[in-house]
Structure formats: structure tokens, C-alpha cells
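Dear colleague,

I am passing on the structure below, together with notes on what was found in it. Please read the notes with the coordinates open beside them.

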Amino acid sequence: EEYSYLLESQSKISTLIDHLNRYQFTAVSFYNMFQVLGSTPLTSDFRGFMRRLRAEVPTLRDIEGISDETLEMWSRYAIYQNATNVTDERFDGFFTEIEFWNGGASESGLLNCLQTM
């Protein structure tokens, strides 16, 4: 709960940036972006957040998105990426969090995600 609603709190963002700088993070990954990328105001806030991370964390090289095989989430990532040409607002890469030992995951689900990406 302490770090919930990160985009709504400049003090939480500052705390995160301080942590990233203290430990010289080179990459951060964001998971569970469904609500953020499904809301125009939150998406706009996230773009500003990404620009701030890149400006204030000099060791940061990569910002990545993560999702399971939910096609709607991958579609939201694609819409987000295609909506800007500003490099500092774009994800540098993506990770799939598809657990093949989980009964709901499938090879076709992975292939559909990759096709959407």
C-alpha cells in the first residue's frame, strides 16, 4: 500500500527516484499497467513519469513493460507506443510473464502476444 498509486504522489515518485539513484539502477520494469494504459489522464501522467525517470536517473538505460498473455494488455502497450514519437516516453522493451506451468497459459497465447507486439 505504501507505494500504491505512485503516479498520484510526487513524494512517492521522488522516493522511488532517490532509491533508483542510490542503487544505480540501469533498468526498471512495470507490470499490471492495465488501468494506467486504459485511462487517458493516467497515460498522460505515466508519459511525464517516464520523462522524469530518464531525466533524473542518469544510470537508467531501459524502461520495460511486462504482461501475461492478455491480448488487450498487449494491444494497450502497442497503442501507447504508437501514440508518441518522443523517445523518452516510450518503453525500451517488453517482457512476457507467461507461465507455461500455469494451466491457463498456452503456446498459442504466447504467439498471439508476440504477433501483437
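Phe34 lies in helix 2, where helices (H or I, at least four residues) and strands (E, at least two) are DSSP runs numbered from the N terminus. This is a predicted model, in which local features need pLDDT of at least 70 and side-chain atom pairs count only at pLDDT 80 or more, while totals for chains, interfaces and linings use all residues. Residues are numbered from 1 along each chain as its sequence is written, and side-chain values use heavy atoms, with hydrogens and water left out.

Phe34 counts as partly exposed because its relative accessibility is 31% (buried means under 20% relative accessible area, exposed over 50%, and partly exposed in between, with a 1.4 Å probe and protein chains only). Leaving aside residues up to four places away in sequence, Phe34 touches Glu72, Met73 and Arg76, contact meaning heavy atoms within 4.5 Å.

**Sheet and helices**

An open sheet is formed by 3 strands in the order 1-2-3, with parallel pairing; two strands pair if DSSP finds at least two bridges between them. Its edge strands, each pairing on one side only, are strand 1 (27–31) and strand 3 (93–96), and the twist from one strand to the next averages 30°. Strand 1 and strand 2 (residues 62–67) are joined in the parallel sense over 5 bridges, and Tyr31 stands opposite Ile66 in strand 2.

Helix 3 lies across strand 1 and strand 2 and runs at about 165° to strand 1 (axes are lines fitted to C-alpha atoms, for helices over the stretch in contact, and angles run from 0 to 180 degrees between N-to-C directions). The axes of helix 3 (residues 40–56) and helix 1 (residues 10–22) come within 10 Å and cross at roughly 35°. In this contact, residues of helix 1 including Ile13, Leu16 and Ile17 meet Phe49, Arg52, Leu53 and Glu56 in helix 3.

**Nonpolar core**

The largest nonpolar core has 26 residues, and Phe30, Met33, Phe46, Phe49, Leu53, Ile63 and Phe91 are those with the most contacts inside it; such a core is a set of buried Ala, Val, Leu, Ile, Met, Phe, Trp, Tyr and Cys residues joined through side-chain atoms within 4.5 Å. Among the elements that give two or more residues to this core are helix 4 (71–82) and helix 5 (107–116). Phe49 touches Leu6, Leu7, Ile13, Leu16 and Phe30, not counting residues up to four places away in sequence.

With best regards
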